[in-house]
There are 2 protein chains.
Amino acid sequence: MTHTVLSSATKEVVIGFDRPFVMIGERINPTGRKMLAAEMKSGDFSRVEADALAQVAAGAQMLDVNAGIPLADEPALLARAVQLVQSVTDVPLSIDSSIIAALEAGLAVYQGKALVNSVTGEEENMERVLPLVARYGAAVVAISNDETGISEDPDVRFEVARRIVNRAADYGIPACDVVVDPLVMPIGAMGTAGQQVFKLLRRLVSELGVNTTCGASNVSFGLPTRNIITGTYLAMAISNGLTSAIMSPLHPEVKSAVMAADVLAGNDRDCAAWIRENRDPNAAAGAGAGRAEGGRRRRAQ
Amino acid sequence: MTHTVLSSATKEVVIGFDRPFVMIGERINPTGRKMLAAEMKSGDFSRVEADALAQVAAGAQMLDVNAGIPLADEPALLARAVQLVQSVTDVPLSIDSSIIAALEAGLAVYQGKALVNSVTGEEENMERVLPLVARYGAAVVAISNDETGISEDPDVRFEVARRIVNRAADYGIPACDVVVDPLVMPIGAMGTAGQQVFKLLRRLVSELGVNTTCGASNVSFGLPTRNIITGTYLAMAISNGLTSAIMSPLHPEVKSAVMAADVLAGNDRDCAAWIRENRDPNAAAGAGAGRAEGGRRRRAQ
C-alpha cells in the first residue's frame, strides 16, 4: 500500500488507499478573492489565520497555502503565510505556487515534510521543481499536463504522469512522494470530464500505484447547486482511487459526501467518524453533517 | 451497449450504461409499513395511488409494486395494485414478490413489458420463475444468492449471477433482459459491504455486460443521517457500473446524488436535467434538488 507521509513539526498525516480521505483545505488562496489579496499584500494576515482555523475545525487534515497576488512579492508573502499558519495550526501544509522562488521561500521556513504544489510534465518545470523537492525532502503534486497542454485523452495524461514519476525517481524522490493530480475540467463545459478523470484514476492506481489529489471545486464551475456536484464527484472519484483533494471542508454537502465515501470505501472503521459527526440526536436526516460541523467549530473556538 | 427495455401500455424506459440512471420507486411495499399493509389487506388502495403519483412526480422512471402481506391473498392484492398503479401512471413497473403465484397474477394483468422482481440462483426458484418470465416476455431481476446463501466473496456472487444469466438463456431470455442485483449489505454491520458490491459491479459490467439494480436503502440501515450514505453509495455504485436502483426519489439527498452522478458519468447531456432541476433562482446552494422536487410535484398536481 502506497503511503505518502506529510508532517508539521508535531503531526503526521498519511495519504493512502487504506486511509480516510485527506481533505486539504483550499481557502488560503487569494485567486479570485480580492479582499484577501488586498489584505495579504498590505501585510494583514488576519483572514489567513481565520481561514486556517475554520478549515481545521471543519475537518481539514492539511491546508493548501497560496499567495499568488499580481505585482506582489510572492516569495515573501508565501513564506510569511506558511509561518503564520504553522504558528496557529498543527496540520501539514501544501505549499502552492507556480513561481519556483516562492516554493523555495515557503520550503525554507517550513517545519516538517511539506507537499509542494506543484510540478508539471513540462521539461523546464520538472528540472527546476524536482531538485527543490528532493533537497527539502518534501513530497510533490504532479500535474498531468506538459508543453502540449492538457490532453482530453486520459491515456496521454497517464503518460505525462508516468514521465513525472520516473523523472522524480532520477532525483531520488520515491513514487510514494509523488501525488498525481489528474486535472478535472468543468463538467458543464466538457461532458466527458468525469469519465476522463475516473479512467485516469483507475490507471494511476493499478499501474503506478500512486496517491492522487485534485482541485475538486473546478468540476462544478458554472453549474447551479454546485456543491452537490462537487461532493458527488469526490465520492465517485474516491471509488476510482482518489486519495486526497484540495477542497473546502466548509461546504457541508462536500464534506458529508467525502465522509460517506470513507464509510463506503471501508476506510471509516466501524463508521466511527460518521457516527461521531452525525450523532446529534436533534439532527434531522440529511442535515447532520452541516450541524455537526457547526458543533465542531464551536468546540474549537 | 446493453439496453434493457421495459414498457407500460404507452411508455418505454431503457436501462443502459449510456442512459440516465433509472430510479425505480420503492415505496409501494407494505414490508415494515403497518398502516399500508392494513389498508391494502382491507381493500383500501388510496395510499398505493398516492405513493405512485408522488414518486413519479419526484422523478421515478419506474415503480416497484409489492403486496407481501402475511396471511393475505398476495396474488389478488398484487394484481389489483398493478392494475391500479397502471391506471394512474404511465411508468413501467417492477412486479415484486417472492411468491410465484403472485408474480404470475401480476404479470397476467400487466400491460406492457414488466420487470419481474426477482429470481435467485436457487435451482428450484430458477426453474419456476424463468419460464414465467419467458412466457410473458418480461425482464427479470437476478439476485446473486443461491442455496448456500449470500456469499461475502464478490467472485462467488459473480458466479451465481453468471449461472442465472446462462439459465435464462436456456429459456430464451436474452442477457439484456436479466438485470443483476449484486445485493448490498448494511455498511454499518459489514465494513466491506461497499467494496464487495463495487468489485462485483465492475465484473458484471466488464464480463457479463449486464444491467444492474439494487435495493439501495439497505446500505445505510442503522446509521444516522442515512440518506446521505444511501445517495453517496449510489453515486459510487454508478461510477462502478450500476444502471438502476429500487430506491426512494422522495429523499432529496438520494435523488440529488443520483442526478449529480448522471452529470458526472456523462449521461445528462449538457447537464440539462441538472440545470432544469436546480434553476430556481431563489434556491440556495445545496437546497436546490429538494426545492426543485417540490416544484415538479406542484406541476404534476
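**Cores, cysteines and a helix pair**

I looked up the largest nonpolar core, which has 96 residues, and found that Tyr233(A), Leu234(A), Tyr233(B) and Leu234(B) touch the most other members. A nonpolar core is here a set of buried Ala, Val, Leu, Ile, Met, Phe, Trp, Tyr and Cys residues joined through side-chain atoms within 4.5 Å; buried means under 20% relative accessible area (1.4 Å probe, protein chains only). Apart from this core I noted another, of 49 residues, including Val85(B) and Met126(B).

The model is predicted: local features need pLDDT of at least 70, side-chain atom pairs count only at pLDDT 80 or more, and totals for chains, interfaces and linings use all residues. Side-chain values use heavy atoms, without hydrogens and water.

I then listed the contacts (heavy atoms within 4.5 Å) of Tyr233(B). Leaving aside residues up to four places away in sequence, Tyr233(B) touches Leu264(A) across to chain A, and in chain B Val184(B), Val197(B), Phe198(B), Cys214(B), Ala216(B) and Val219(B).

For Cys214(B), the nearest cysteine sulfur is that of Cys271(A), 17 Å away. Cys214(B) counts as buried because its relative accessibility is 0%.

Last, I examined H8(B) (residues 226-239) and H9(B) (residues 252-264), whose axes (lines fitted to C-alpha atoms over the stretch in contact) come within 8 Å and cross at roughly 20 degrees. The two helices are therefore roughly parallel to each other, a term for angles under 35 degrees. Among the residues making the contact are Leu234(B) of H8(B) and Ala257(B) of H9(B).

Conventions:
Residues are numbered from 1 along each chain as its sequence is written. Chains are lettered from A and ligands numbered from 1 in the order in which they are written. Buried means under 20% relative accessible area, exposed over 50%, partly exposed in between (1.4 Å probe, protein chains only). A disulfide is a pair of cysteine sulfur atoms within 2.5 Å. Axes are lines fitted to C-alpha atoms, for helices over the stretch in contact, and angles run from 0 to 180 degrees between N-to-C directions. Helices (H or I, at least four residues) and strands (E, at least two) are DSSP runs, numbered from the N terminus. Angles under 35 degrees count as roughly parallel, over 145 as roughly antiparallel, 65 to 115 as roughly perpendicular and the rest as oblique.
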